[in-house]
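Dear colleague,

Please find below the structure that I am handing over to you. My findings follow it.

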Amino acid sequence: MLTVGVVGMLVPSAVPSVPTPGSTAALTVLVVGLALFGLLTLRATRTFLLTRRRSDLVVAIGLVWLASALPPAMLLNGMELGWWIGHWLELLGIVVVSLPVALDLRRAAQSRPLVGDVSGSDLVTTEETFLGAQVRALTLCLARKDAYTEEHTRRVALRAVQVGEELGLSGGRLRALATGALVHDIGKLSVPDAVLQKPGPLTDEEFAVVKRHPEWGEKMLIDLGFDENVRQLVRDHHERLDGSGYPHGANGSLISFDARILAVCDVYDALISRRVYRDAWPHERAVALLRAESGTSFDVKCVAALERVLSIERAPAAAAV
């Protein structure tokens, strides 16, 4: 913009003149410009829904102002008040968009609102930056309690947001899914160490204690002020469509679609992870179990989406072999 401005002042003939208001050229510029501003606004809005940063919201608002300034510039002339209002909107829009974007470049974790390429995985890998210090504090507490459980929840969270993106979840739902997945086992902070870290299979009594962790986790999140969408994920991640899950034996429509995503990813990671009382299952065997129980225990769409995500992830390794 600076270069065009300087060239325009030094060599006015080098810069095309503004189209005549209402002309075919002006209408073309208007349509193309509004389309481009619309695309940028959608990207910035999606970024805001993921990050919930005020600066990203400001960028989206600035883009709306810039888009609003285009019709007066292309349809009115300098003798009309709307033309001047439009130019003031344009100036304010440039400032409102430029400042947050410039500040974002200085951040360690950039949200890149004009590009809109922040993913659900970014929320999980940099949870303190994007999801807040409270989520980070909970994951640290879980790591101190049991390193395996914290590592498991992080892997599950990454997988869940990948599946969520594959299934086209909105930015707000992806954010809730990332948060809920990262803390889905937080109730295990209330499970005695002797049970949680037992080097062998659990007794029926011990397993009954472990089965209460979704309820304990939900209560903890209520006390901490987490919203219902996140709490529901924590409460229902062990529920199954046929009612065979726990803690409440919920089934069918009582289990949200996002909780079904989390359940599938949770089971897959648990199966392929080595435990003290059993070896890790191979990928093929774990997927075969999920596929066999699709429609009964697990959601068919969620299992299929997980398979697609895993096939893309495993393709480079298979090609290398």
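Helices here are DSSP runs of H or I with at least four residues, numbered from the N terminus. On that basis L81 belongs to helix α4, which covers residues 81-104. Please bear in mind that this is a predicted model.

Surface patch. L81 counts as exposed because its relative accessibility is 62%, and the cut-off for that class is over 50%. Together with W84, I85, W88, L91, V95 and L99, L81 makes up a nonpolar surface patch with about 780 Å² of accessible area.

Salt bridges. The whole structure contains 22 salt bridges. In one of them, R155 pairs with D269, with 2.8 Å between the closest N and O atoms. R155 lies in helix α8 (residues 147-166) and D269 in helix α14 (residues 257-272), so this pair ties together parts that are 114 residues apart in sequence. D269 is buried at 6% relative accessibility, whereas R155 is partly exposed at 32%.

A salt bridge also forms between E166 and R308, where the closest N and O atoms are 2.7 Å apart. This pair links helix α8, which holds E166, to helix α16 (residues 300-320), which holds R308, across 142 residues. Both partners are partly exposed: E166 at 33% and R308 at 36%.

R291 and E307 meet through their side chains at 2.6 Å, N to O. Here helix α15 (residues 283-292) is linked to helix α16, the two residues being 16 apart. R291 is partly exposed at 47%, as is E307 at 25%.

Yours sincerely

Conventions. Residues numbered from 1 in each chain as written. Predicted model: local features only at pLDDT ≥ 70, side-chain atom pairs only at ≥ 80, totals over all residues. Heavy atoms only, no water. Patch = residues over 30% accessible without salt bridge, like charges linked within 9 Å, V, L, I, M, F, W, Y side chains within 5 Å. Areas by Shrake-Rupley, 256 points an atom, 1.4 Å probe, with all protein chains shown as cover. Salt bridge = Lys/Arg side-chain N within 4 Å of Asp/Glu carboxyl O. Buried < 20%, exposed > 50% of the residue type's maximum accessible area, 1.4 Å probe, protein only.
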